[in-house]
Amino acid sequence: MKKKTWAGCLVVAMVAMMFGGCGKTADEQASGAISDDAVVRAYDTIDFDTVTILDEETPLGSSVNNADAAEMAALRNLAQGAFDLVNQQRAQAGLPALAWDNDLELAAAVRAAECAQSFSHTRPDGSDWYTVNAQIMHGENLAYGYNTANEVVTAWMNSPTHRDNIMYPEFTKCSIAIYKVGGVYYFAQEFRY
């Protein structure tokens, strides 16, 4: 099956909120805000010790203290809230609910961390987004700068390409992961058949 690679990126600058502006979509960013120069960090240089993986264990082997556990729980709750809102949107359209997929969640966690380094559907090493796990990754939505589940899902639904992924009837599974750095949330939503 052909990969769905037409989903665009959704970019929102936190600074815009300070000046009363709204976020920008990838189409608005095409003028160069996400340039090739932004892809400067190789995949193998990402510090995965700082990645918050949203599952009940820490598969990367780092220890979890109480503060980290609380942060992981908060991020997971935010991701789950967004997931629930996505399924509400699908239900309103008469589509079946998507199932949460733990393997897809791990892939989403990698993509969310990568997007903090280079916000793009191209990975920091130059490969395509789905190469994190090409066996299960068939669609992707990204966002950053949103603080609530409602904000990010509303933005995705207001963007035709992101909405198309959410409403694609052949997708049966989905997971969302969030990476937080410097107070900014990076969302990666991954879909599979």
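Two strands are said to pair if DSSP finds at least two bridges between them. In this predicted model, an open sheet of four strands has the order E3-E5-E6-E4, and its pairing is mixed. E3 and E4 are the edge strands, and each of them pairs on one side only.

## The chain as a whole

The protein chain holds six helices and six strands. Read from the N terminus, its elements follow the order β-α-β-α-α-β-α-β-α-α-β-β. The chain has 193 residues, of which 44% count as buried. Its accessible surface is about 9,500 Å², and carbon and sulfur atoms account for 50% of that surface. Among contacts between residues at least 6 apart in sequence, 66% join residues at least 24 apart.

## The sheet

| Strand pair | Sense | Bridges |
|---|---|---|
| E3 (residues 99–100) and E5 (residues 173–181) | parallel | two bridges |
| E5 and E6 | antiparallel | nine bridges |
| E4 (residues 139–144) and E6 (residues 184–192) | antiparallel | six bridges |

Trp100 stands opposite Cys174 in E5, and Ser175 stands opposite Glu190 in E6.

Strand E4 is mostly covered, as six of its six residues are buried. In a regular strand, side chains alternate between the two faces of the sheet. In E4, Gly139, Asn141 and Ala143 point one way, whereas Glu140, Leu142 and Tyr144 point the other way. Both sets are buried.

## Helix H4

At the start of H4, a side-chain oxygen of Asp101 comes to within 3.1 Å of the backbone nitrogen of Asp103.

An α-helix has 3.6 residues a turn, so residues three or four places apart point the same way. The buried residues of H4 include Leu104, Ala108, Arg111 and Cys115. Also buried in this helix are Glu105, Ala107, Ala109, Val110, Ala112, Ala113 and Glu114.

Where does another part of the chain lie relative to this helix? Val184 is in strand E6, and its C-alpha atom is separated by 8.8 Å from that of Ala116. These two residues are 68 residues apart along the chain.

## Burial of single residues

Buried here means under 20% relative accessible area. Val184 has a relative accessible area of 15%, so Val184 counts as buried. Cys115 is buried as well, with a value of 1%. Cys174 has 0% relative accessibility and is therefore buried too.

How many disulfides does a search of the whole structure find? The search finds zero disulfides.

Key:
Residues numbered from 1 in each chain as written. Predicted model: local features only at pLDDT ≥ 70, side-chain atom pairs only at ≥ 80, totals over all residues. Heavy atoms only, no water. Buried < 20%, exposed > 50% of the residue type's maximum accessible area, 1.4 Å probe, protein only. Polar contact = N/O pair within 3.5 Å; in protein donor to acceptor, adjacent residues only side chain to side chain. Disulfide = S-S within 2.5 Å. Contact = heavy atoms within 4.5 Å. Areas by Shrake-Rupley, 256 points an atom, 1.4 Å probe, with all protein chains shown as cover.
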